[in-house]
Amino acid sequence: MPPRLEALQRLGTINQTARLDGRIRGHKHEHLLNSLPVCLRPATNTPRVALLPLIQTANLSQRERKRKAKQDPYRWAQAQQRKNANLKRRGELQAERDALLGDPIWGHKTPFLESLETAAEPKTTTAPDGTTTTTETPRSHFLTDAEMNEVTQHAHALTKPVVGAISAQLGDAPGEAEAQTLHDRRHERAVEALHRITALQNGSRKDRYHFNVRRVVNEFGRHQTDGVVAPKPLPINPSTVEMPERAGPDTGSSEVQIAILTAKIRNLAEALSVNRGYKDIHNKRNLRLMLHKRQKLLRYMERKEKGSGRWTNMIEKLGLTPAMWKGQIELR
């Protein structure tokens, strides 16, 4: 380690040393000058220098930055090329994510959903020889073909011409055959009119909706699926409280409500897609409300029934996609 040399305490020391040096030289005692300590080490307290004022410059705006970048056309073209490539890749990744999630309104097409759209069409069967026969005609007001036939037969019997007691004793009274023929002709016309009135194909959209609700209850109701689909696994500590037996058809379980909401959503979305429906703000809000209500029910079902047969059966038949219950639903 080099030897420590005493440092000058202040700049005035230099002046005192210079004056002392002049006196010594004046007295010609140069050997005293050589014995003075000389500091080769910087001073402990450095002299303070007045700080210059700071000059702050504002950040360049986006417009100014673009103007400066365009001064070099080659560099600007390279930046635009990189930007376009980045935007294209971001669009491709977003499209892939959207395709995996699916559509939050329509979902996937399934035979059951297609049958909801064609519920009003009569069911036909084709024989091996090529002849087509109508097996059942969907009817409004919850009527069936069997009930219609029973009612019309009863009405035919009640409205047939009454034969008097004297005419019955005399045999074939004059005009009785004509009256029976006229009655049969009027009855056929009444039955044809009744079939046309009650046919779902001639009904309103509301009638078709009620018919589809009845089909949904019969398809997803737990009074029908309890013995068909596999239930969820039992918990570790199952409850010992006996549940009361189900009374009537199941209309309130989560899967039935989700299926009914799906039918409503599809009908409303189809109505909004035609006839300047994009201006119908009121029904757009109703559509969003139904979508979020179905999302809540689906999240509840996912939490309670995921992995069970009820969840799988509902997802497959209704064509539901993850976009219907995951993330935020956005209408574009």
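Which residues does I258 touch, not counting residues up to four places away in sequence?

Guide: The model is a predicted one. Leaving aside residues up to four places away in sequence, I258 touches R294, L297, L298, M301, M314, L318 and L320. I258 also belongs to the largest nonpolar core, a set of 32 residues. Within this core, I258, L298, M314, L318 and L320 touch the most other members. The elements that give two or more residues to the core are α5 (111–117), α9 (205–220), α11 (254–272), α12 and α13 (309–318). Among them, α11 makes the greatest contribution, with 10 residues.

The helix α12 leads on to the largest pocket. Spanning residues 281–305, α12 supplies at least two residues of the pocket lining, as does α10 (222–225). The share from α12, 4 residues, is the largest. In total, 24 residues line this pocket, and R222, K232, M243, E305 and R310 lie nearest its centre. The space in the pocket amounts to about 710 Å³. Sorted by class, its lining comprises 11 nonpolar, 4 polar and 9 charged residues.

H187 counts as buried because its relative accessibility is 19%, and the cut-off for buried is under 20%. Not counting residues up to four places away in sequence, H187 touches T152 and H156.

How values were computed
Residues are numbered from 1 along each chain as its sequence is written. This is a predicted model: local features need pLDDT of at least 70, side-chain atom pairs count only at pLDDT 80 or more; totals for chains, interfaces and linings use all residues. Side-chain values use heavy atoms; hydrogens and water are left out. On a 1 Å grid over the protein atoms alone, a cavity is a set of points where a 1.4 Å probe fits but cannot get out, and a pocket is an open set with protein on both sides within 12 Å along at least five of seven lines; lining residues have an atom within 4 Å of a point. Grid points are joined across faces, edges and corners, and a volume is the space filled by probe spheres set on the points. Ala, Val, Leu, Ile, Met, Phe, Trp, Tyr, Cys and Pro count as nonpolar, Asp, Glu, Lys and Arg as charged, and the others, Gly among them, as polar. Buried means under 20% relative accessible area, exposed over 50%, partly exposed in between (1.4 Å probe, protein chains only). Contact means heavy atoms within 4.5 Å. A nonpolar core is a set of buried Ala, Val, Leu, Ile, Met, Phe, Trp, Tyr and Cys residues joined through side-chain atoms within 4.5 Å.
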